[in-house]
Amino acid sequence: MTIHDLRTRHGDASDGSADQVGGRLSRVDGPAKITGAAKYAVEQQLEGLAHAVLVESTVPAGKVRAIDTAAAEGAPGVLLVLTPDTIPPLKTASDWFGTPPPDVPYCPLARDIAFSGQHVAAVVAESFEQAVAAAALVKVSYDEAPAVADLSDPKAGDGIAIDMMTKEWGEAEAAFAAAPVRICAAYNTPREYQAPMEPHGLIAAWQGDRLTVWEPSQWLDGMARTYAEWFAIPFENVRLVSPYIGGGFGSKALALSHGAVAASAAKMLGRPVRLVMSRPQTFTGYGGRAATRQTVTLGADRDGKIQSIVHRGVNETSMGGMWVEPLGSVTSVMYATPNFSSKQNVVRVNSVVPGAMRAPGENPSAFGIESAIDELAYEVGIDPLEIRLRNYAEQDPHARKAWSTRQLREAFVAGAEAFGWARRSPAPRSMRDGNQLIGWGVAAGTYPVRRAYGEALVRILADGTVEVESSSIDMGQGTYTILAQTAAETLGVPADNVVVKLGDSRFARAGVTGGSRLAGIMTGAVHKAAGAALDHLVGLAISDPRSPFHALQANTLVVAGGRVSSPRGDGPEVSIAELLASVGADQIEAKGDTMPANSTAEDRYKAYTTIATPLTHTDGDYSRHSWCAHFIEVRVDEDFGTVRVSRVVSALDSGRLYNPKLAESQWKGGIIMGIGQALLEEGIVDRRHGRIVNNNLADYLVPTNADIPDIQTISVGIPDPHSSALGGKGVGELAIVGVAPAIANAVFHATGKRVRDLPITLEKLI
Amino acid sequence: MRDFSYLRATSPAAAREAAALPGAMLLAGGTTLVDLAKCGVAEPATLVDISHLKGLDTIEVGEQGARLGALAKMSQVAGHEGIKSRFPAVSEALWQAASAQIRNMASIGGNLMQRTRCPYFRDPANFPACNKREPGSGCSAIGGVTRGHAVLGTSEACIAMYPGDLAVALVAFDATVHLGERQLSVDDFFLLPGSTPDKEHAIKPGEMITQISIPASAAARRSTYLKVRDRQSYEFAAASAAVGIELEADGRTIRDLRVALGGVATKPWRARAVEEALKGKVLEEDAVRHASLLAVEGAVDHGANHYKIELAPRVVARAILKTGAMA
């Protein structure tokens, strides 16, 4: 059996036709992107466009004493210099849970400095270059205060206990003390950055009290709500437009202060204003992944059976904001253990508030537990794959519910087979090729199935083509494509005849594109809307006296390949266009959503503009997660300590795949990002200045093509009816989870050195 | 806008004349200059564009050696058959530098003028203290993030690393830089920071690099450039070595040896002590590893860059052994 057969046998439940869900249709937005026809947010050409550039704090803590704007205001082309004193106050917006905000003014430019790189002023000019030059003339003086530079700053302290993160069962401490084998180690991950190719930025334009914002967005309705609340205008008065997004990775879900600055400037000037962050500003203008620390202690029998897990986690947050990176999320579900304790603190440091970055929580969590179990495997002398099977969790050990589906055992088996794991020589430093020490490592990953709501509009036009509209988005993951496939399959038309329109808040609404939830939600919504449109079409065809099918007296009709016929094959066969013409309909339109039937308008607004969703992954009878197993080979130069990943085989359970080609591509993207995390990525803080010094893509290293070997992915998922309408589970975040520990485990196998601090750079191995 | 004037030079002589104007800078490929201007480090009053000048981009390789026109592109030199066969270390240094896009734009002369990647040097807004930018203002790097800083050739005023690759190979093979009337060895062209880290090159106002010449040698013909870094591509060296070897007729005794280091020093760093220790010796691993330790004689670390002192001799040793094993 080939790998291709495996793929189609598992997650791909259809026959693989591109016009159906499960087919390998290429990205429908691909040609527009590679030819440059796709217009990104800040590429809009607008009459009278002015350009804003931010001025940032150069100290990490203190107060702005004075801002001297005279030179900037006198500079050529300058239209406006904004400071905390001159920017009109806004209203404080609610948070993403929809918590009503305090009735205090919001100023997007700071007087009180909580981190280096905070926006303190902005210059708006006729040209971008003029704005850049004038921004450099703004002189800001500060009364500096002592700062806490980062998590390991001696002043940082133990932080604040986050009680809601505590998970405990059994007697973890006592069981650990009594266990014959004990492992205890600390694992650290540094600040990491989403580093999207397209930097954050926007164009804001006002028409009266209506605001249009062209801005890359993972959540149009949520961001529109924030803009509306800031400027105290109705939600409907804000239009967010984001048809294409050059990478988000979690960083483009919220309206941020730079957006408030641009929109304020546009309002003051009565002109559209463009503001784009410089690459260095993308390291301080919003948060990357928080630096984390975990201590994992495992108590086990001599045969490797875990008796106790005691886990303590810490992540950094900002002085004023709160970010909790849930570090016990994988720890508490991956392995069966009778005794468990996980607790978490957050520590305030002088940094921008950290944010979501591909699998927040699960990613660092897996680095801890999946490294620790590898350490246990060597301690008890059991193969790292075997020890994982020995501790396999047959149900969710925390929620104590059955898994909806958990093809993790199948992933271990399929991955090990394809990788050739059985040929592994167990001892560290026992495999080599000249100067290269070779290591094989394994680690598992998981991501919960997050569920929420979405709606879609499906419109059958007079010419028989179909339009799908949704305010959800495509940031490269393939939404355009899979929604075209869903509509095509449901309606019985070729996918080529379906035009999907996304990224406009005037369209049918959708919640946040985050937590790998969008595909499951939106295929469900489009399936429902398209089904309603089809019912409408067939209903017309049967009941309208002008229809060629009227005389048939059929209960239903068949639509396939864009043509309508009777199920028995008697009677006429006409195209959809001919049918619509015959009954005099110029279009058929239907909306579908995944909300409960009796939802109110307020319920819907809340569902789409907040993340206060009532659906958790353990609601009802099941615990729902995606699963994966990574098998990775590294080559470590024994003199230089350089690590190169030479082979990756990953077997993944994302349930049913709506489009295997695109799912594989997302998995590979996650794996590549995981390789970067394991070996390269680290925001390096100058403690004296509380500032990231490698704030550019020459010094903050992400992998190049030369760093990435061939990656083999194997789908082992089966349709999961408890996770989504069409049986899929999450794809986008899953595959990064577990890559870093698999590499660290492979490095240990190669070298005998256990690296517990990411990234695994060469000085840690020489 | 920060205004500057732009002059399109009509001849090398006119370019040199214009380059003597206060605040004038020569513009060739622009890959360093435009970058530094964006950082707020380079603030030229006049840009003298020489990119179109004829006759400065030729590459000649013969029995005597190679002559590289200052306007030849990095990628052209890297891919030149004569360079590849007679000076493989030069070609390899270029291929492993920067990215394909930059190599296609950047000129050979401009490559020698490449400035340090010290993050403190490159961020005037946040780090006003930099002796290289503002003599006497102090050094922000000392006591800061130093993972990429030099361990050799540093001073109390500056520890910024020289980031290039090509010049490391040029120094190893005694190349000469031609500045119109004057010629200097590439080794002398690069200055140690000392108390004047703002002066990086021994080029005077009104001078312009026109050519680089590399004398032919058996060691250059049997040479390699080994670059070690965390990322496989598009990263500056953690440590690198240009090595050339000439063996005696016995095929194992070292007659001539050239060793230069990159990624560890404030300028391209010729390791003559390693050369002298091994000349006349039989090429074998223990002796090579032992002698390679001399490459970092006098090295001083600043904490996070300590690994370079461990790494550099290993890179030198591997490069010598690899070159020695070449057919």
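In which helix is A:Glu410 found? I looked it up: A:Glu410 is part of helix α10 (residues 408–419) of chain A.

Before going on, the ground rules. This is a predicted model, where local features need pLDDT of at least 70 and side-chain atom pairs count only at pLDDT 80 or more, while totals for chains, interfaces and linings use all residues. Residues are numbered from 1 along each chain as its sequence is written, and chains are lettered from A and ligands numbered from 1 in the order in which they are written.

**Entry: A:Glu410**
Why is A:Glu410 partly exposed? It counts that way because it has 18 C-beta neighbours inside 10 Å. The cut-offs: buried means 20 or more other C-beta atoms within 10 Å of the residue's own, exposed means 12 or fewer, and partly exposed is in between, with C-beta atoms placed from the backbone. I also checked A:Val716: it is 306 residues from A:Glu410 in sequence, yet their C-alphas are 6.5 Å apart in space.

**Entry: strands**
Next I followed strand β22 (residues 455–461) of chain A, which runs antiparallel to strand β23 (residues 466–469) of chain A, with four bridges joining them. (Strands pair if DSSP finds at least two bridges between them.) Across this pair, A:Arg459 stands opposite A:Glu467 in β23(A). The hairpin of β22(A) and β23(A) has four residues between the strands, and A:Gly464 there takes a positive phi near 90 degrees.

β23(A) also pairs with strand β24 (residues 498–501) of chain A, this time in the parallel sense, over four bridges. Here I found A:Val466 opposite A:Val498 in β24(A). With helix α11 (residues 479–491) of chain A, β23(A) and β24(A) make a right-handed β-α-β unit. Right-handed means that, with the strands pointing away from the viewer, the path from the first strand over the helix to the second runs clockwise.

**Entry: where the chains meet**
How many residues of chain A are in contact with chain B? I got 28, touching 23 residues of chain B. (Contact: C-beta atoms, placed from the backbone, within 7 Å.) On chain A's side, the largest share, three residues, comes from helix α4 (residues 128–135) of chain A.

Note on methods: Helix = DSSP H or I, 4+ residues; strand = E, 2+ residues; numbered from the N terminus. Contact = placed C-beta atoms within 7 Å.
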